[in-house]
Amino acid sequence: MIALNLPQLDLALHAAQTRLAALQADPRTTAYRLLDDEAGGVTLDRYGTDWVLNLLPDLDPDDPLATTRAVELGSVLAQHVGAKLSARAVFLKVRPRQANTLVDAKAAGLTPLLPVFGAAPTEPLTILENGIRFGVQLGDGLPTGIYLDQRANRLWLREHARGQRVLNTFCYTAAFSVAAAVGGAKLTVSIDAAQPALTQARANFLLNGIDDAKQHDLIRGNVLTWLPKLARRGDRFDVVVLDPPSYANVDGKRFQAGRDYPELVASALTVLAPGGRVLACINHAGIDGRRFQHSVQEGARLAGRAVLSATTLPQPIDFASGRMKAVLLEVR
Ligand SMILES: C[S@@+](CC[C@H](N)C(=O)[O-])C[C@H]1O[C@@H](n2cnc3c(N)ncnc32)[C@H](O)[C@@H]1O
């Protein structure tokens, strides 16, 4: 289970608040990670007025009470940090460490719908990231509407988007596309298999006053079949964002990032315009930076393209554990 006690949690909170003081004081960014597993078994994310405490236990699969006990422990920790941080609400998500595949956390009762501390929000919640607005919902399963660990990569895209055509694959709520649009992208095309994510994606554009749905296209479909389709019809992009989940089942096929990333890069290169760049990302504890670099470059080799550069991008100070890796690839 988890050995963490409240005094240890307090120490970790204090250290994090000191280390992240500048980020916490930035009024243009109201969502970030305060604890990144330093205390052993807990991450803690701020979403404006509300917080999410993720408990990361090792659950004994043979113990029928393991889940109940984890939710109880998580609730105690969440109530403690809620009072300490004067939070409006703290939501709990229990993410068993061994559940690296496709556990339905909502069905398993690991993500209570209502906050375990404070009151449920009565209005839709929005956060700010470098001045961009995104809608979030914190009580509906594991995803919250935004992956906070992509903040630095979204900022990179925004700063390099002017006049560019951007393809955002596995777009989820299209946070990359919104950042690109704010940065002056000429066109964004965003693809995801999940309609609810795309509905929130459109809402995210609108939250930022961007209402041209032709210039900022959303496609519901399978990225793995859409990439060849876009290539065949001659669509080309200056930046292609790849940020697949570690594991997924779409159209009866299993995608495993650790195994399939090189083919994904090779497929992305078929729609890349001359001089374009692939922003390849992965959030996977089992794949280190070197192995990911190798995967990305292997993709270029599979596509028969020479690598001009493959640059590892720095990640945010609040995600010190280094799970997020991003490589910017340029090919001849
Ligand atoms: C890790 S999230 C992506 C996060 C996103 N890049 C962002 O920055 O917010 C994974 C997303 O991939 C989508 N997905 C998984 N497999 C897919 C596939 N084969 N085709 C399209 N979407 C897929 C899921 O619906 C989910 O929204």
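1. Domain bounds, as used in this note, come from an automatic or database domain assignment. On that basis the chain of this predicted model is divided into domain 1, covering 6–121, and domain 2, covering 147–331. The centres of domain 1 and domain 2, taken over C-alpha atoms, are separated by 28 Å. To the contact between them, domain 1 brings 11 residues and domain 2 brings 9 residues.

2. On the side of domain 1 that touches domain 2, strand β1 (residues 31–36) gives the most, with 4 residues. By residue class, this side of domain 1 comprises 5 nonpolar, 2 polar and 4 charged residues.

3. As to overall architecture, 9 helices and 16 strands are present in the chain. The radius of gyration is 20 Å, close to the 20 Å that the globule rule gives for 332 residues, so the chain is as compact as a globular protein of that length. Along the principal axes, the C-alpha atoms fill a box of roughly 55 × 45 × 35 Å. Of the 332 residues in the chain, 44% are buried. Among contacts with a separation of 6 or more, 66% involve residues 24 or more positions apart.

4. The largest nonpolar core holds 93 residues, and those touching the most other members are Leu53, Val240, Leu242, Val265, Ala268, Val278 and Ala280. Helix α5 supplies the largest share of this core, 7 residues. Because domain 1 (6–121) and domain 2 (147–331) both give residues to this core, it lies between them. The surroundings of Ala280 may be set out in detail: leaving aside neighbours within four places in sequence, Ala280 is in contact with Leu242, Val265, Val296, Ala326, Val327 and Leu329.

5. Which residues come nearest to the ligand? Of the 21 residues around the ligand, they are Phe170, Tyr172, Ala193, Asp243 and Ala248. Two or more residues of the shell are given by each of α5 (175–182), β9 (187–192), α7 (223–232) and β12 (247–250). The shell around the ligand divides into 16 nonpolar, 3 polar and 2 charged residues.

6. Most residues other than glycine have a negative phi. Phe170, although not a glycine, has a positive phi of about 50°. This residue is found in the loop between β8 (165–168) and α5, and is among those nearest to the ligand. Is Phe170 buried or exposed? Phe170 has 23 other C-beta atoms within 10 Å; a residue counts as buried at 20 or more, so Phe170 is buried.

7. The second case is Ser86, whose phi is near 50°, again a positive value in a residue other than glycine. Ser86 lies in the loop between α3 (66–84) and β4 (89–94). Here the C-beta count is 8 other atoms within 10 Å; the limit for an exposed residue is 12 or fewer, so Ser86 is exposed.

8. With 17 other C-beta atoms within 10 Å, Leu4 is partly exposed. Leaving aside neighbours within four places in sequence, Leu4 is in contact with Leu9, Ala39, Gly40, Gly41 and Val42.

Technical notes:
Residues numbered from 1 in each chain as written. Predicted model: local features only at pLDDT ≥ 70, side-chain atom pairs only at ≥ 80, totals over all residues. Contact = placed C-beta atoms within 7 Å. Nonpolar A, V, L, I, M, F, W, Y, C, P; charged D, E, K, R; others polar. Rg over C-alpha atoms; globule rule 2.2 N^0.38 Å. Near = placed C-beta within 6 Å. Core = buried A, V, L, I, M, F, W, Y, C linked by C-beta atoms within 7 Å.
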